[in-house]
Each structure stands twice: as C-alpha cells, then as structure tokens.
Amino acid sequence: MLGWIIRGFVIVAGFVASWFVAKDAPQFGIMQMAVILFLVVLVVAVLAFWPERWTHILDRFRKPRPR
C-alpha cells in the first residue's frame with residue numbers, strides 16, 4: 001500500500017518536473033526528487049493544519065447505528 005502512494009508521488013513529480021527539465025537531462029532526477037519532497041511536505045502540512053471544524057462536518061456522516 002505504501003508503495004502505491006510513493007509510486008503516485010513519483011508519477012506526479014515526474015510529470016511536474018518534465019515541465020521544467022527535459023526527461024533525458026542529467027538534472028531530471030534531482031528536479032523530480034525536489035518535487036517529491038515538496039509534495040510530501042505539502043501533504044504533511046495539510047494533515048497537520050487540518051481545521052477541526054472540517055473534521056466535525058466529516059464525522060456527521062458516520063453516525064452510529066442504533067442497537
């Protein structure tokens with residue numbers, strides 16, 4: 001499962017890096033790694049600063065079933 005997430009990051013990073021550097025350029029791997037690092041930091045920041053009020057809205061959909 002973690003491999004799928006990392007593979008998704010690598011695919012997105014390769015796509016974004018190809019906007020700035022040719023795929024056969026020696027700097028492509030470095031640019032791709034920089035984009036992956038930026039994406040990971042972005043995901044961690046979104047998870048860390050997730051507003052609490054959004055969590056309450058999402059919890060409304062998971063109402064407990066009556067017994």
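Helix α1 (residues 2-20) packs against helix α2 (residues 28-48) at about 125 degrees, with the axes 8 Å apart. Axes here are lines fitted to C-alpha atoms, for helices over the stretch in contact, and angles run from 0 to 180 degrees between N-to-C directions. That angle makes α1 oblique to α2 (under 35 degrees is roughly parallel, over 145 roughly antiparallel, 65 to 115 roughly perpendicular, the rest oblique). This is a predicted model, where local features need pLDDT of at least 70, side-chain atom pairs count only at pLDDT 80 or more, and totals for chains, interfaces and linings use all residues. Residues are numbered from 1 along each chain as its sequence is written, and side-chain values use heavy atoms, with hydrogens and water left out.

Who touches whom, with contact meaning heavy atoms within 4.5 Å?

| Helix | Residues in the contact |
|---|---|
| α1 | Phe-9, Val-10, Val-12, Ala-13, Gly-14, Val-16, Ala-17, Ser-18, Phe-20 |
| α2 | Phe-28, Met-31, Gln-32, Val-35, Ile-36, Leu-39, Val-40, Val-43 |

By type, the residues of this α1 and α2 contact split into 14 nonpolar, three polar and no charged (Ala, Val, Leu, Ile, Met, Phe, Trp, Tyr, Cys and Pro count as nonpolar, Asp, Glu, Lys and Arg as charged, the others, Gly among them, as polar).

On α1, the buried residues include Ala-13, Gly-14, Val-16 and Ala-17, buried being under 20% relative accessible area with a 1.4 Å probe, protein chains only. Their cover includes α2. Across the 67 residues of the protein chain, 13% count as buried.

Overall, the chain has three helices and zero strands (DSSP runs, H or I of at least four residues for helices, E of at least two for strands, numbered from the N terminus).

Terms used:
Contact means heavy atoms within 4.5 Å. Buried means under 20% relative accessible area, exposed over 50%, partly exposed in between (1.4 Å probe, protein chains only).
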